[in-house]
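Welcome to my notebook. I am opening this structure and jotting down what I look up, one stop at a time.

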Amino acid sequence: MFPYKDENPTVLTPFVTVATIVLTSAIWLLFQAGGSEPRLTESVCQLGAIPVRLFGGSVQPIPTPRGLILPCPAAPSGAWYTLLTSVFLHGGWFHLIGNMWFLWVFGNNIEDSMGHLRFIGFYLLCGLLAGLSQMIVSTSSPVPLVGASGAISGIMGAYLVLYPKVRVHTIIFLGFFITRVTLPAYLMLLYWAFIQLLGSVPSLAGAGGGGGVAFMAHLGGFIVGAALIKLFANPDLLVAHRRPVMTIHTRHRPWGS
């Protein structure tokens, strides 16, 4: 499922959501050179979160079909700040575009629910705790963790709590068949969370795996966002947000209904 828009108007202009998309894209294009080597590897090694280094281990070569490689020989040891910097790095164009698209679809409404400054704190906290969730189940991994998906997963968890019945327009890929459907947010988001849970099973079982996808970070971020949203949401903004939604739902009712 790939959501492309929701029926959930906002009251506030989503300055922080837009600024985050612009900043993250600028970092990809300028600091990471749009994925060109060697800048991509250098940025990921320097500012990506590497579990084995954060937990005081030594980096061991990674076995691959082409031999043994040491991915980040120059990465700093014990650099906990990389849990934050890793949120703004990405590993490829599809990684970046997918994350920024999900941030736009769901982030503007969460920013609308709490205001601009709280949203900054919420986004960063979800990203930090999501990254830590992945670290805990892969403390010996030498593979850098990068991407905003943990923070955005937190936004999706928050969306599930606040707006479970909002209609989300979604593209569904079934092999070569592609169709568009409109689903309640809870159905789309719970399905997505279930996929992350399935992908997390090997890590939770201590078997590693994941195919390069930080499923546990996604799942951890989703749970963190759902758990913390009521602490960050502003009741006055939530009331103001609901007014245009109620207007849309009642606009075409016949007289006397």
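Entry 1: I started at Ser133, which I found in helix α6. Helices here are DSSP runs of H or I with at least four residues, strands are runs of E with at least two, and both are numbered from the N terminus. Ser133 has 17% relative accessibility, so I noted it as buried. For that label the relative accessible area must be under 20%; exposed means over 50%, and partly exposed is in between, with a 1.4 Å probe and protein chains only. I then looked up the C-alpha atoms of Ser133 and Ala214: they are separated by 9.5 Å, and the two residues are 81 residues apart along the chain.

**Before going on.** I remind myself that this is a predicted model, where local features need pLDDT of at least 70, side-chain atom pairs count only at pLDDT 80 or more, and totals for chains, interfaces and linings use all residues. Residues are numbered from 1 along each chain as its sequence is written, and side-chain values use heavy atoms, with hydrogens and water left out.

**Entry 2: the loop between α8 and α9.** I found Val213 in this loop. Its relative accessible area is 37%, so Val213 is partly exposed.

Entry 3: In which order do the strands of the open sheet run? I read β1-β4-β5, 3 strands with antiparallel pairing. Two strands count as paired if DSSP finds at least two bridges between them. The edge strands are β1 (2-6) and β5 (177-184), each pairing on one side only. β1 meets β4 (residues 167-174) over 4 bridges in the antiparallel sense, and there I saw Asp6 opposite Val168 of β4.

**Entry 4: aromatic rings.** How many aromatic pairs are there? The count comes to 9. Rings of Phe, Tyr and Trp (its six-membered ring) pair if their centres lie within 6.5 Å; planes under 30 degrees apart are stacked, over 60 edge-to-face, and the rest tilted. I looked at Phe102 and Phe106: their centres are 6.2 Å apart and their planes at 45 degrees, so this pair is tilted. Both sit in helix α5 (residues 93-114), 4 residues apart, which means about one helical turn separates them. Phe102 and Phe106 are buried. Next came Phe122 and Phe232, an edge-to-face pair at 5.3 Å centre to centre with 70 degrees between the planes. Phe122 is in helix α6 (residues 116-136) and Phe232 in helix α9 (residues 215-232), so the pair ties together parts 110 residues apart in sequence. Phe122 is buried at 1% relative accessibility, and Phe232 is buried at 18%. I also noted one aromatic cluster, formed by Phe2, Trp101, Phe102, Phe106, Tyr159 and Tyr163.

**Entry 5: the loop between α1 and α2.** I found Pro38 in the loop between α1 (15-31) and α2 (39-47). A cis peptide bond joins Glu37 and Pro38, with omega about 5 degrees. Ala33 is in the loop between α1 and α2 too, and its phi is near 55 degrees, a positive value in a residue other than glycine. I marked both spots because most residues other than glycine have a negative phi, and most peptide bonds are trans. Ala33 counts as partly exposed, at 22% relative accessibility.
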